[in-house]
Amino acid sequence: MSKQHTSVRSYGVLIDATRSRSFVPPILATPALWWLPGGGIDFGEAPEDTLIREFREETGLEVQHPVLLGVTSDVRRRDNGDKIHTVRILFTVELAGGELHHEVHGTTDHAAWFELRDLESMNIAEYAQAAIAAAQGK
């Protein structure tokens, strides 16, 4: 018998215009699929605080001024037959400091900056593509 589970998560889009070109740092959550930095909201934690914590843990970057971009949800089936309903609270954020690094012993494999023009040729999660487009006003 399959189980059902709901997960509420906070994710952020960071576009840094202070570089020579604008960039966004997706993170590699599973082999060959890129996601946005973010993750599960702990009990009693504000979504904005989750976002700032997850950015630091997954990328080493400090972010500030989260602005609500939107909320999405989807239901998908895991390989074991369980259904998961994911609610994603999406924000834009500003870079406040830090050095980009990979999360050691964490839930993600790799963090990297990318030029926005290169994102079209990458395998990026559908919700992340929509959030990046929305953040750019597309």
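Helix α1 is followed by Gly60, a residue with a positive phi near 80°. The model is a predicted one. The buried residues of α1 are Thr50, Leu51, Arg53, Glu54, Phe55, Glu58 and Thr59. An α-helix has 3.6 residues a turn, so residues three or four places apart point the same way.

Thr59 belongs to helix α1. Its relative accessibility is 0%, so Thr59 counts as buried, the limit being under 20%. A polar atom of the Thr59 side chain lies 2.6 Å from the backbone oxygen of Phe55. A polar atom of this side chain also lies 3.1 Å from the backbone nitrogen of Leu61.

When neighbours within four places in sequence are left aside, the residues in contact with Thr59 are Ile27, Pro37, Glu54, Glu99, Leu100, His101 and Ala111.

## Strand pairing

Strand β1 (residues 4-14) pairs with two strands described here. With strand β7 (residues 83-98) the pairing is parallel and extends over 11 bridges; Gln4 stands opposite Lys83 of β7. With strand β5 (residues 38-40) the pairing of β1 is antiparallel and extends over 3 bridges, and Ser10 has Gly39 of β5 as its bridge partner.

Strand β6 (residues 61-77) runs antiparallel to β7, to which 14 bridges join it. Arg77 has Lys83 in β7 as its bridge partner. Strands β6 and β7 form a hairpin with 5 residues between them, and Gly81 in the turn has a positive phi of about 95°.

## Nonpolar cores

The largest nonpolar core contains 19 residues, and Leu36, Leu119 and Tyr127 have the most contacts inside it. Two or more residues of this core come from each of β1, β4 (33-35) and α2 (126-135). Helix α2 supplies the largest share, 4 residues. Another core, of 9 residues, lies apart from this one and includes Leu51, Leu61, Ile89 and Phe91.

## Aromatic pairs

The whole structure holds 3 aromatic pairs. The ring centres of Trp34 and Phe114 are 4.9 Å apart and the planes meet at 75°, so this pair is edge-to-face, a class that requires an angle over 60 degrees. Trp34 in strand β4 and Phe114 in strand β9 (residues 114-115) are 80 residues apart, and their pair links distant parts of the chain. Trp34 is buried, with a relative accessible area of 13%, and Phe114 counts as buried at 17% relative accessibility.

The rings of Trp35 and Tyr127 have centres 5.5 Å apart and planes at 45°, so the pair is tilted. Because Trp35 lies in strand β4 and Tyr127 in helix α2, the pair ties together parts 92 residues apart in sequence. Both Trp35 and Tyr127 are buried. Ring pairs also bring in Tyr11, which forms a cluster with Trp35 and Tyr127.

Conventions:
Residues numbered from 1 in each chain as written. Predicted model: local features only at pLDDT ≥ 70, side-chain atom pairs only at ≥ 80, totals over all residues. Heavy atoms only, no water. Buried < 20%, exposed > 50% of the residue type's maximum accessible area, 1.4 Å probe, protein only. Polar contact = N/O pair within 3.5 Å; in protein donor to acceptor, adjacent residues only side chain to side chain. Contact = heavy atoms within 4.5 Å. Pairing = 2+ DSSP bridges. Core = buried A, V, L, I, M, F, W, Y, C linked by side-chain atoms within 4.5 Å. Phe/Tyr/Trp six-rings, centres within 6.5 Å; stacked < 30°, edge-to-face > 60°.
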